[in-house]
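User: I'd like to go through this model with you, one question at a time. Could you take a look and talk me through it?

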Amino acid sequence: MAAVSFTVQYEFSAPVRALWDELVDWKAHEAWIPMTRVDDGEGDPTAVGHEFVAYTGVGKLALKDHMRVTECTWNDADQAGRCTVDKLGPVLTGEAGFSVESDGEGSRIDWFEDVDVPYVPQFLAPLVGKLGAIGFRQGMKQLDKVLRERTSTTA
């Protein structure tokens with residue numbers, strides 16, 4: 001089993017509250033994470049204990065990623081938020097999350113993943129981490145595009 005960790009920072013032109021709202025809408029991740037479907041469950045998606053499942057891939061080759069919110073707080077005064085989830089398996093276990101803050105007229109995200117990946121030897125963990133970071137950076141580019149489209153239609 002490989003212990004894989006990576007972080008991705010990304011700057012968005014969108015206001016930080018728009019970024020936050022998109023990130024904590026778990027179902028909305030389908031619009032910017034390729035080949036992903038999300039079953040969001042019931043209740044407040046930001047409530048500690050809220051559970052949801054993301055499926056990334058195609059058919060039986062989709063990775064099931066069951067998660068539980070452990071922290072999700074937004075601070076109006078600071079225009080900043082932080083959200084973390086526990087990854088409950090059946091494949092990935094560990095923790096992931098993000099923090100967002102205002103960055104002038106735009107916003108910034110720091111996304112992290114700290115997971116155990118079965119069937120992967122530890123010596124490949126750095127490579128898996130680099131590939132994970134590349135994938136999430138591509139997701140952030142797509143999210144930026146989605147946010148630009150949404151904010152331009154509401155402006």
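**Around Lys87**

User: Leaving aside neighbours within four places in sequence, which residues is Lys87 in contact with?

Analyst: This is a predicted model, so take what follows as computed from it. Lys87 sits in strand S5. Once its neighbours within four places in sequence are set aside, the residues in contact with Lys87 are Asp65, His66, Met67, Leu92, Thr93, Gly94, Ala96, Glu113 and Val115.

User: Is Lys87 buried or exposed?

Analyst: The cut-off for buried is under 20% relative accessible area. Lys87 has a relative accessible area of 7%, so Lys87 counts as buried.

User: Which side chain does the side chain of Lys87 make a polar contact with?

Analyst: Asp65 is among the residues in contact with Lys87. A polar contact here needs a pair of N or O atoms within 3.5 Å. At 2.4 Å, the side-chain partner of Lys87 is Asp65.

User: How many bridges pair S5 with S6, and in which sense?

Analyst: S5 covers residues 80-90 and S6 covers residues 93-103. A hairpin of two residues links S5 to S6. The two strands pair over nine bridges, and the sense is antiparallel.

User: Which residue takes a positive phi in the hairpin of S6 and S7?

Analyst: That hairpin has two residues between the strands. The phi in question is near 70 degrees, and the residue is Gly104.

**The whole chain**

User: In what order do the elements of the protein chain run from the N terminus?

Analyst: The tally is two helices and seven strands. Reading from the N terminus on, the order is β-α-β-β-β-β-β-β-α.

User: What is the radius of gyration of the protein chain, and how does it sit with the globule rule?

Analyst: For 155 residues the globule rule gives 15 Å, and the chain comes close to that, so it is as compact as a globular protein of that length. The C-alpha trace spans about 45 × 35 × 30 Å along its principal axes. The radius of gyration is 15 Å.

Terms used
Residues numbered from 1 in each chain as written. Predicted model: local features only at pLDDT ≥ 70, side-chain atom pairs only at ≥ 80, totals over all residues. Heavy atoms only, no water. Pairing = 2+ DSSP bridges. Helix = DSSP H or I, 4+ residues; strand = E, 2+ residues; numbered from the N terminus. Buried < 20%, exposed > 50% of the residue type's maximum accessible area, 1.4 Å probe, protein only. Polar contact = N/O pair within 3.5 Å; in protein donor to acceptor, adjacent residues only side chain to side chain. Contact = heavy atoms within 4.5 Å. Rg over C-alpha atoms; globule rule 2.2 N^0.38 Å.
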